[in-house]
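Subject: Structure handover

Hello,

Here is the structure we talked about. Please open it first, then read my notes below.

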Amino acid sequence: ALAIINFIANRHFVRLDLTKNRDYTLAPATQKTLEDLKDVVTLRLYFTQEMPPQLLTLKRLIDDTVSEFRSYGGQNVRVEYVDPASDEAATREAIVSGVTPVQLNVQGQDKLEVAKVYLGMSLLYGDKKEVIPVIAYPQNLEYDMVSRIVKLTSQSLPKIAWWAPPAEQMAHQPGQGFQLFRKEIEQRYEVVDVKSDA
């Protein structure tokens, strides 16, 4: 019986989510988006092969999420791994794609060393591309990926109006939060600026 289970598990992605809130199960909307794909979306992960030990848990969580995307997307989700440290061409490809390295302090045998680590992803659909330069928070990864897939595969995005106070009014108010919010909604909507003379 164990041999049969092992045989099946090696050929099909299966993960049981026993957490109370099903923290590691894709949302139904994400599952439907992946099942409804009409063409191939390529997830190209730029990962340093020799990952520092403190990032191995993060890498495993990312790999699990990507495996679930591939499971629900079937043949329309293709996954590729590129190690930018493998050669100059791979390094150039990562940088041109918008994936940037992160520098980390790593404890070596006798000293503290600085390691350059790539942990990013580009999502490709036809001639269109979206990028996640650094995957730092796996709890946000599902949203980050599916929102970019929706943007890539949609013929046109719904439009919403965006109005911000005039610059002189914004001088006394923190505007960074608004810009971060705008960046997020631009993943799912076409944002149209509304001019104001007020």
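Start with E68, which sits in helix α3. Helices (H or I, at least four residues) and strands (E, at least two) are DSSP runs, numbered from the N terminus. E68 is buried, with a relative accessible area of 6%. Buried means under 20% relative accessible area, exposed means over 50%, and partly exposed lies in between (1.4 Å probe, protein chains only). L34 is 34 residues away from E68 along the chain, and their C-alpha atoms are separated by 10.0 Å.

Two notes on the source. This is a predicted model: local features need pLDDT of at least 70, side-chain atom pairs count only at pLDDT 80 or more, and totals for chains, interfaces and linings use all residues. Residues are numbered from 1 along each chain as its sequence is written, and side-chain values use heavy atoms, leaving out hydrogens and water.

**The chain as a whole**

The protein chain has seven helices and eight strands. Of its 198 residues, 34% are buried. Contact means heavy atoms within 4.5 Å. Among contacts with a separation of 6 or more, 67% join residues 24 or more positions apart.

**Helix α3**

α3 has 18 residues. From first C-alpha to last it reaches 25 Å, close to the 26 Å expected at 1.5 Å a residue. (The expected span is 1.5 Å times one less than the number of residues.) Its buried residues include L58, I62, D63, D64 and E68. What covers the buried residues of α3? The cover includes α2 (28–35), β1, β2, β5 and α5. Just after α3, G74 takes a positive phi of about 60°.

**Helix α2**

In α2, T30, Q31 and L34 are buried. Seen down the axis of α2, these buried residues fall within an arc of 100°, so they line one face of the helix. The arc is that of the directions from the helix axis to the C-beta atoms. They pack against α3, β2 and α5. The face turned away from the buried side carries the exposed residues P28, A29 and K32.

**The sheet**

Four strands form an open sheet in the order β2-β1-β5-β6, with mixed pairing. The edge strands are β2 (77–82) and β6 (128–132), and each pairs on one side only. Two strands pair if DSSP finds at least two bridges between them. The twist averages 20° from one strand to the next. β1 (residues 41–47) and β5 (residues 119–125) pair in the antiparallel sense over six bridges. There, L45 stands opposite M121 in β5.

Helix α4 (residues 88–97) packs on the sheet, touching β1, β2 and β6. Its direction makes about 115° with that of β1. Helix α5 (residues 141–153) lies across β1, β5 and β6, at about 165° to β6. Axes are lines fitted to C-alpha atoms, for helices over the stretch in contact, and angles run from 0 to 180 degrees between N-to-C directions.

**The cores**

A nonpolar core is a set of buried Ala, Val, Leu, Ile, Met, Phe, Trp, Tyr and Cys residues joined through side-chain atoms within 4.5 Å. The largest has 27 residues. Which have the most contacts inside this core? They are L43, I62, M121 and M145. β1, α3 (56–73), β2, β5 and α5 each give two or more residues to this core. The largest share, five residues, comes from α5. Leaving aside neighbours within four places in sequence, I62 is in contact with L45, F47, L119, I135 and L141. A second, separate core of seven residues includes Y46, V82, V99 and Y118.

Best wishes
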